[in-house]
Amino acid sequence: MNAARAGHRLRVLRGDLTGPVAAHRFDLIVSNPPYVPAPAGGRTRPHGPEVAWDAGTGGRLALDRICDRAPGLLRPRGRLLLVHSGLCGVTETLDRLTASGLRCEVRRRAFVPFGPVMTGRLPWLRAQGLVGPHDDTEELVVIRAERS
């Protein structure tokens, strides 16, 4: 709706992660995937509104798939900008992207107060050792990765 109001044409593709665009290559991919660690709860994939934030017990349900698939979608010198929580293994993301041939770095870090989802999960997050007993902020990172 916003694109139409601004006079822009937009083609919307719906599918599982990169499926609808597998045959295309891009100069830029921007991703803010679900990254909040979540108790297993008997489901392998979130449903309903939780799909926007639940990312499995380690918080990497979507992140690992993006790290694996994004390099093949980038044109030479194409870039990936990826935001996620420090709780989900920033070093693991950097290592996975580097192993796939991308040059990457953390471009921004910010500490933000826990929002409603994180606050609601604090007992579980603390029990998992993901959050300390007195922590009340979450580190968010923006990773920039570039294909040679």
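**Exercise 1. How many salt bridges does the count come to?**

Solution. Start with the rule: a salt bridge is a side-chain nitrogen of Lys or Arg within 4 Å of a carboxyl oxygen of Asp or Glu. By this rule, the count comes to 12 salt bridges. Keep in mind that this is a predicted model, where local features need pLDDT of at least 70 and side-chain atom pairs count only at pLDDT 80 or more, while totals for chains, interfaces and linings use all residues. Residues are numbered from 1 along each chain as its sequence is written, and side-chain values use heavy atoms, leaving out hydrogens and water.

**Exercise 2. Find R60 and D64: are they buried or exposed?**

Solution. First, look at the contact: the closest N and O atoms of the R60–D64 salt bridge are 2.8 Å apart. Next, use the cut-offs: buried means under 20% relative accessible area, exposed over 50%, and partly exposed in between (1.4 Å probe, protein chains only). Both R60 and D64 are buried.

**Exercise 3. Which parts of the chain does the salt bridge between E146 and R103 link?**

Solution. Step one: the N to O distance in this salt bridge is 3.5 Å. Step two: E146 lies in strand 4 (residues 137-147) and R103 in strand 3 (residues 102-113), 43 residues apart. Strands here are DSSP runs (E, at least two residues), numbered from the N terminus. Step three: E146 is buried because its relative accessible area is 5%, whereas R103, at 47%, is partly exposed. Finally, salt bridges with shared partners join R79, R103, E105, R107, R144 and E146 into one network.

Definitions and conventions:
Helices (H or I, at least four residues) and strands (E, at least two) are DSSP runs, numbered from the N terminus.
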